Amino acid sequence: GIQIYREFMPGFVNIQAEIADHMNARMDRDSISMPWYQGGLHTLPGSRFKIEELPHGERMLSFIELNADRYWKPLKYRGSPRLKFHWAQRNPTGGSTTLLHDHARSPVAGCFYIDMPTQGGQLVLKNPMESQLVSQPFPADNMGHNKSMFDHLMDPSNGELIMWPGYLWHSTQPNLSGSARLLLAFDFWAK
């Protein structure tokens, strides 16, 4: 089966507010809107945004890279993981969402959640076999949208790292909370 990796950063609760404040200020002055972020903002991958320049950034980066290595080995990928691209993303209140997409050229994609409010929008990972399972019923969700019964829905939390194979199509449900969803997203390639 498909392996999804989840891990919480120890002690994140003690540094979360400082990181969120800094990232929000950065997003206010140095971010762009993209069509697949339906109302959200992100910094450009490869831009001047650097995780290590955030408060406690070196610690977060070490945590992400260590866990990428732990995830990479059981997948039996060649070499070792190298952080290729990373960016910050903010989805405001009012139903902002991230549309369905993949990171097909990246062996591993993932997110580290800085500020994930209740009802901030679940992470949706699509089953790659869905096209083969089309004869199955597709029930409607509570908003009347059809969804695959094979979607893997995840409720991320503050300080949580989630990684998955880059070929998996994924999206988020709308942010229906009273505050923004704030995260770091990234791609790992082989060294």
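The following questions and answers concern helix α2 and strand β8. This is a predicted model, in which local features need pLDDT of at least 70 and side-chain atom pairs count only at pLDDT 80 or more, while totals for chains, interfaces and linings use all residues. Residues are numbered from 1 along each chain as its sequence is written, and side-chain values use heavy atoms, with hydrogens and water left out.

User: What is the reach of helix α2 from its first C-alpha to its last?
Analyst: Helices here are DSSP runs of H or I with at least four residues, and strands are runs of E with at least two, numbered from the N terminus. Helix α2 covers residues 57-75, which makes 19 residues. The expected span, 1.5 Å times one less than the number of residues, is 27 Å, and the reach of α2 is close to that, at 27 Å.

User: Within what arc do the buried residues of α2 fall, seen down its axis?
Analyst: Buried means under 20% relative accessible area and exposed over 50%, with partly exposed in between (1.4 Å probe, protein chains only). The buried residues of α2 include M60, F63, I64 and W72. Taking directions from the helix axis to the C-beta atoms, these buried residues line one face of the helix, because they fall within an arc of 165 degrees.

User: Which residue is the bridge partner of E7 in β8?
Analyst: Two strands pair if DSSP finds at least two bridges between them. β1 and β8 run antiparallel and are joined by 4 bridges. In β8, the partner of E7 is L161.
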